[in-house]
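Please keep the model open while you read this note. The points start at one residue and widen to the whole chain.

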Amino acid sequence: MKDVSYTTLDGRNAILNASSLEALAAGIRGGIVTAESETYDAARKVWNGMAERRPAIIARCLNAEDVRHAVAFAREHRMRLTVRGGGHHIAGNSVADGALVIDQSAQRSVRIDPQQRTARVAPGALLGDFDREAQAFGLATPLGINSTTGVAGLCLGGGFGWLTRKYGMTIDNLIAVDMTMADGRRVRASENENADLFWAIRGGGGNFGVVTQFEFRLFPVGPEIVAGLIVFPFNQARQVLTKYRQFLNSAPEELNVWVVLRKAPPLPFLPENIHGKEVVVLPIFYSGAVAEAEKLIAPLRSFGDAVGEHIGPQPYVEWQKAFDPLLTPGARNYWKSHNFTDLADGALDSVIEYAGKLPSPQCEIFIGLIAGAANRVAPGAMAYGHRDAKFVLNVHGRWDEAKDDQKCIGWSRDFFKASAPYASAGAYVNFMTDEEGDRVAAAYGSNYDRLVQAKKRFDPDNVFHFNQNIKP
Ligand SMILES: Cc1cc2nc3c(=O)[nH]c(=O)nc-3n(C[C@H](O)[C@H](O)[C@H](O)COP(=O)(O)OP(=O)(O)OC[C@H]3O[C@@H](n4cnc5c(N)ncnc54)[C@H](O)[C@@H]3O)c2cc1C
């Protein structure tokens, strides 16, 4: 093995010689990947093409003892350490230059207990792995909308999706975790064991240790649900958004309707003259009885003169993959996000203004509806505390070429500023970029002080710091 240069915690360059690397490799069952390995480029890639990083070593951990060994090695050599799940975080914090990456992506098993309605999920599982196994028994828990996202990062930051109105956030349905801590201890955390740690990880992200197993509560869902899109022309945006706001007052929690403003992709059910033009899309999801869906969805059509519609019964697992083609890895992405308790007129004005000047065909503004079960949990019940948030707005800047960075990032930032006066406090840490480190305290709001206490107790040396970092 060739020597490997790495970055120390204080930013210096240092060298690991062959015997150190062999000692590390001997304790990692999946082996290690370095720049000399053929698989290095594939192994270091994350979803956001802007996060182009060159870690020193990627440790392919196949079990919790591998993780313990990797954490101890990083500490002994004062190496930067990152933890990778599905590699989807916008900040790209699961990889860092010169770091040791704990990569559990080969561990994707999901084991369902249909009697207890629980799932044991390995730390490298993707949403699609989880949904597929759980749906074999007609079960599911709230997860996100893109099947290639990692369960680990999504859950530890909060997690919301189509089922959130009815069943809450992903963390609201987390029963227990197994973890490896900074000092090498392996612990289980739940409401009854290490309850302070369990409080902190439910929203506190990867700040406290490495989760090596998750256990979730499941609910009967589908397998067939009703879902799809209704698409309106952009010149009707104000009326569609205003009617949407009103409609939600009486919509049952089995029904979830989001809003996406973007340029129309060339979808086969849209007329060609609409392709590439700004549109307002209502993605619709109904998890109640299929026969009930039509009468609940029918009023949405009267919001305007739709230019296209594609909606009907389909397997839940298929709908969970419906947005994958628009969210493929490798593009350049820059996000900004606010929570809203309501959609004030001023917020809608800014949405319409900035959707009218989208800087690329892939940029979009989306409003995710989470009102319902997630709002019935006390704000202090766990680290994720935005229990007043009914909507999560994401300004999704997305484009292909570095030459467009300034234009697309500028648009995202300007819209974020324009909509800020109407936002509620706090922010969703899973949507925050790496430049938003100074927003972390505000993101957690009144739960931040307790998180700092937990960090001092469980990771006083800040071993786990490539994340939305809570400083000890
Ligand atoms: C296309 C796309 C769609 C999305 N849609 C949704 C959505 O619908 N709903 C939603 O809530 N979010 C959504 N997100 C945001 C998503 O929740 C975050 O990006 C999340 O961090 C992804 O988790 P990951 O494991 O893939 O990411 P990674 O980048 O691998 O991990 C993110 C961070 O989590 C921590 N981490 C990962 N694994 C572990 C572990 N085992 N133990 C301890 N810490 C760990 C690390 O700090 C790491 O830096 C979406 C993201 C993308 C890119």
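1. Start with Ser190. Ser190 is buried, with a relative accessible area of 6%. Buried means under 20% relative accessible area, exposed means over 50%, and partly exposed lies in between, with a 1.4 Å probe and protein chains only. Ser190 sits in strand S11, residues 186-190. Helices (H or I, at least four residues) and strands (E, at least two) are DSSP runs, numbered from the N terminus. Which residues does Ser190 contact, leaving aside neighbours within four places in sequence? They are Ile175, Ala176, Ala195 and Phe198. Contact means heavy atoms within 4.5 Å.

2. A word on the source. This is a predicted model: local features need pLDDT of at least 70, side-chain atom pairs count only at pLDDT 80 or more, and totals for chains, interfaces and linings use all residues. Residues are numbered from 1 along each chain as its sequence is written, and side-chain values use heavy atoms, with hydrogens and water left out.

3. Next, the overall build. The protein has 14 helices and 21 strands. Its radius of gyration is 22 Å, close to the 23 Å that the globule rule gives for 472 residues, so the protein is as compact as a globular protein of that length. That radius is taken over C-alpha atoms, and the rule is 2.2 Å times the number of residues to the power 0.38. The C-alpha atoms fill a box of roughly 70 × 55 × 40 Å along the principal axes.

4. Now the inside. Of the 472 residues, 59% are buried. The largest nonpolar core has 127 residues. Such a core is a set of buried Ala, Val, Leu, Ile, Met, Phe, Trp, Tyr and Cys residues joined through side-chain atoms within 4.5 Å. Phe130, Phe208, Phe214, Tyr244 and Leu282 have the most contacts inside the largest core. Apart from that core lies another, of 25 residues, with Val4, Leu24, Ala56 and Ile57 among them.

5. Not counting residues up to four places away in sequence, Phe130 touches Val110, Ala119, Val121, Thr141, Leu143, Val151, Phe216 and Leu218. Across the protein, take the contacts between residues at least 6 apart in sequence: 72% of them join residues at least 24 apart.

6. Is Leu248 buried or exposed? Leu248 is buried, at 12% relative accessible area. Leu248 lies in the loop between helix H8 (237-247) and strand S15 (255-257). Beyond four places in sequence, Leu248 touches Leu369 and Phe391. Tyr316 is 68 residues from Leu248 along the chain, and their C-alpha atoms are 22 Å apart.

7. The peptide bond from Gly222 to Pro223 is cis, with omega near 0°. Pro223 is in the loop between strand S13 (219-220) and strand S14 (224-233). Arg117 has phi near 55°, a positive value in a residue other than glycine. Arg117 is in the loop between strand S7 (110-113) and strand S8 (118-121), and counts as partly exposed at 39%. Asn462 also has phi near 55°. Asn462 lies in the segment after helix H14 (448-458) and is buried, at 15%.

8. Last, the charges. The mean positions of the 51 positive and 52 negative charges are 2 Å apart. Lys and Arg count as positive, Asp and Glu as negative; His and the chain ends are not counted. Each charge is placed at NZ of Lys, CZ of Arg, CG of Asp or CD of Glu.
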